[in-house]
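Here's a quick briefing to read alongside the model.

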Amino acid sequence: MNLVINFQYKYISDFIEKIPTIFPYEGESIHKLRNEIKIFKVENLTINVKSYKKPIFLNRIAYTFFRESKAKRAYNYALKLIDLGVNTAAPIAYVECKKGGLLSSSYFVSLQVDTQGNLKDITNPQMSRQEKHNIAVALAKFTASIHKKGVLHIDYSPGNILYRKENEKYEFILIDINRMKFTDIDKDKGCNNFCRLWGDDDFFIVLAQTYAQEMGYSQEECINKVLEYRKIEWRKRNKKREIKNFFKEISKKLFTKS
């Protein structure tokens, strides 16, 4: 087992070392799809542990010899984001376990973030149009600020952008950060970064206008780019869904007894 613990949390090292053993049986599961996230209470801390799905064989080789594991990237990226002044969950540790000499499982450990919601809330019919407008403005300003710092979240999607609201101001927190780039971000990359978000055209227009103002770009050009990249992304998603459903139907016909 390979583990790295943030020096601030060395006092809970006993718990961190036991994570691979206790994770399947203890903790409160708050998310379980491809990966699973559980909450643990340790030493008056609320700790978030993300267990990454066991990689396929080729990726086990890649993560062992050629690439950093998702857990290690999430930990290192969190440290870098905090150093840059970008909000994310405070990193506590990462744990890597091997089987047969290859990476088998990995865990990213962080403090649980206290927030009011994530950007999926934009589709809530109870949210007023004015509040959606305010979120769009605040999100655009936040996005421009991290882009100026060279931070590009590859999976900039609703579930990965948490928010808090205090005194009518929004504060955003990035999670699921194992896919990041730290690089110069031009206009195309910046406008394309919004394509995975949810919302109607009005939301995206406000987003694009504000982003353009913050970055010194043409508002009209940014609106066109943001809306076009959004259409391209959702066309891709719909195509993938159609292909997936097609093969599901074929499988049913092949394997269903007559």
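Leu58 sits in helix α2, and it's exposed at 61% relative accessible area. (Buried means under 20% relative accessible area, exposed over 50%, and partly exposed in between, with a 1.4 Å probe and protein chains only; helices are DSSP runs of H or I with at least four residues, strands are E runs of at least two, and both are numbered from the N terminus.) Bear in mind that this is a predicted model, where local features need pLDDT of at least 70, side-chain atom pairs count only at pLDDT 80 or more, and totals for chains, interfaces and linings use all residues. Residues are numbered from 1 along each chain as its sequence is written, and side-chain values use heavy atoms, with hydrogens and water left out.

- Helix α2 covers residues 57-65, and its buried residues are Arg60, Ala62, Tyr63 and Thr64.
- The cover over those buried residues includes α3 (70-83), β5 (91-99) and β6; contact here means heavy atoms within 4.5 Å.
- Thr64 counts as buried because its relative accessible area is 18%. Beyond its neighbours within four places in sequence, Thr64 is in contact with Lys98, Gly101, Leu102 and Leu103.
- A polar side-chain atom of Thr64 lies 2.6 Å from the backbone oxygen of Arg60.

**Strand β4 and its partners**

- Seven of the eight residues in β4 (residues 45-52) are buried, so you'll find this strand mostly covered.
- β4 pairs with β3 (residues 36-42) in the antiparallel sense over seven bridges; two strands pair if DSSP finds at least two bridges between them. Ile39 has Asn48 in β4 as its bridge partner.
- The two strands make a hairpin with two residues between them, and Glu43 in the turn has a positive phi of about 50°.
- β4 is also joined to β6 (residues 102-111) by six bridges, again antiparallel. Here Ile47 has Leu111 as its bridge partner.

- β9 (residues 161-166) and β10 share six bridges, and Glu166 has Lys169 in β10 as its bridge partner.
- Thr115 is in the loop between β6 and β7 (117-118), and it's partly exposed at 26% relative accessibility. Not counting residues up to four places away in sequence, Thr115 touches Leu162, Tyr163, Arg164 and Ile173.

**Salt bridges**

- The whole structure has eleven salt bridges, each a side-chain nitrogen of Lys or Arg within 4 Å of a carboxyl oxygen of Asp or Glu.
- Asp202 pairs with Arg129, with the closest N and O atoms 3.2 Å apart. This pair links distant parts of the chain, with Asp202 in α6 and Arg129 in α4 (residues 129-148), 73 residues apart.
- Asp202 is partly exposed at 44%, whereas Arg129 is exposed at 57%.
- Asp188 pairs with Lys225, with the closest N and O atoms 2.6 Å apart. Asp188 is in α5 and Lys225 in α7 (residues 219-255), 37 residues apart.
- Arg237 and Glu233 meet at 2.9 Å, N to O. Being four residues apart in α7, they're separated by about one helical turn.
- Arg237 is partly exposed at 24%, while Glu233 is buried at 12%.

**A buried loop residue**

- Asn193 lies in the loop between α5 (187-192) and α6 (201-215), and it counts as buried because its relative accessible area is 8%.
- Asn193 touches His147, Leu152, His153 and Tyr156, leaving out residues up to four places away in sequence.

**The chain overall**

- The chain has seven helices and eleven strands, and 44% of its 258 residues count as buried.
- The C-alpha trace spans about 60 × 55 × 40 Å along its principal axes.

Technical notes
Polar contact = N/O pair within 3.5 Å; in protein donor to acceptor, adjacent residues only side chain to side chain.
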